[in-house]
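Thanks for coming, everyone. Let's look at this one together, starting with the rings and then moving to the strands.

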Amino acid sequence: MADTNRSHVVGVDLGGTKILAGVFDLKLQSLGTTKFSTKAQRGPEAVIERVARCVQDAIDECDLSTKQIRGVGIGAPGAVDPEHGEVVFAPNLGWKDVAIVKELEKRLDVPVFLENDCAACIRGVYEQELKAKPKHVLGIFIGTGIGGGLILNGDPYPGFSHTAGEIGHMVIDVNGPKCSCGNKGCFEVFASRQALFRAIQGAIKSGEKSLLTEMLGEDLKDLRSGDIRKAIRRGDKVVEKIVEEAAEYIGVAIGNLVNILNPEVVVLGGGVMEALADEMMPTITKSAKSHVLPGTFRNVDIMASKLGDNAGITGAAAVARDRTK
Ligand SMILES: [Zn+2]
């Protein structure tokens with residue numbers, strides 16, 4: 001039986017650039033969060049040490065001790081093996097076969113549970129935002145790359161070897177540009193943050209005029225998704241067209257996936273959507289509708305998540321809570 005003194009859980013989102021840890025009660029109400037930079041270049045051991053410190057700081061900030069923590073859930077990028085607690089392959093951390101759960105349990109003395117980051121995000125959205133508890137949900141998370149998470153028949157769908165949801169690498173143009181995975185024309189090369197930045201930089205290099213160079217200088221140093229929104233709102237047609245094209249591709253991807261999965265709800269999240277939902281949603285919805293088979297789109301709801309960074313930590317906390325029941 002669960003220890004009743006242990007009335008809180010921690011959710012961690014481990015990303016390529018930052019580590020976010022949040023403390024939650026068992027109803028998943030947030031008590032507070034702490035953020036560290038990842039410093040992936042220092043190697044797995046140093047990063048795991050930083051995750052442990054980030055978790056301890058978050059617990060301490062909430063005036064709790066690890067004795068009151070029932071479990072820690074961690075969402076990590078790439079291919080993960082939750083059963084053995086290992087990150088199998090995470091290119092943006094530079095990790096291969098890292099036994100993160102064992103190492104964290106050693107440092108924290110609390111049970112730790114691993115999940116894929118996008119699977120954690122859709123779980124967080126499901127717990128906090130989808131009050132009607134739809135049975136079939138598709139989550140698309142657009143940031144540096146593009147990831148996906150699935151809930152089918154009311155349960156998270158991990159697939160045969162826990163790699164389901166890699167929709168960023170769905171090929172939508174066999175003759176398209178090369179992707180970091182080695183294939184050509186993956187969804188990710190058309191609509192991720194990197195894809196947007198690349199397209200904007202290319203347009204400016206070829207002589208097109210954008211307000212972004214006035215805002216940030218010719219080299220667009222420190223370009224963020226929020227700058228793209230600002231430029232569009234000030235009437236930047238070059239940037240608007242690039243974002244419009246990315247939104248069209250997101251609609252194509254949704255169309256394909258709706259044909260296959262027939263979900264009730266499609267949730268869009270991640271940093272790009274957080275910054276650009278207002279600009280992109282009308283085109284995404286229109287494009288998705290024009291790429292599905294007639295009749296398959298009835299009552300399918302496409303929505304932008306408002307949870308932002310909190311989706312991943314909330315979902316990871318839900319994993320910890322449910323695995324320690
Ligand atoms: Zn790819």
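**Rings first, then strands**

The count of aromatic pairs here comes to 1. Keep in mind that this is a predicted model.

Which two rings make the pair? They belong to Phe190 and Tyr249, with centres 4.2 Å apart. Their planes sit at 20°, and under 30 degrees counts as stacked, so this pair is stacked.

Now, where do the two residues lie? Phe190 is in helix H4, residues 188-191, and Tyr249 is in helix H8, residues 237-261. So the pair ties together parts that are 59 residues apart in sequence.

Are these two buried or exposed? Phe190 has 15% relative accessibility, so it counts as buried. Tyr249 has 28%, so Tyr249 counts as partly exposed.

One more ring. Lys133 lies over the face of Tyr126, at 4.8 Å from the ring centre.

On to the strands. Strand S2, residues 18-25, and strand S3, residues 30-37, run antiparallel. How many bridges join them? There are 7. Look at Val23: it stands opposite Gly32 in S3. The hairpin of S2 and S3 has 4 residues between the strands. There, Leu28 takes a positive phi near 65°.

Last stop: an open sheet of 3 strands, in the order S5-S6-S7, with antiparallel pairing. Which strands are at the edges? Strand S5 (79-81) and strand S7 (95-98), and each pairs on one side only. Neighbouring strands of this sheet are turned by 15° against each other on average, direction ignored. Strand S6, residues 86-90, is joined to S7 by 3 bridges. Find Ala90, and its bridge partner in S7 is Trp95.

Notes
Residues numbered from 1 in each chain as written. Predicted model: local features only at pLDDT ≥ 70, side-chain atom pairs only at ≥ 80, totals over all residues. Heavy atoms only, no water. Pairing = 2+ DSSP bridges. Helix = DSSP H or I, 4+ residues; strand = E, 2+ residues; numbered from the N terminus. Axes fitted to C-alpha atoms, helices over the stretch in contact; angles between N-to-C directions. Phe/Tyr/Trp six-rings, centres within 6.5 Å; stacked < 30°, edge-to-face > 60°. Buried < 20%, exposed > 50% of the residue type's maximum accessible area, 1.4 Å probe, protein only. Lys NZ or Arg CZ within 6 Å of the ring centre and 35° of its normal.
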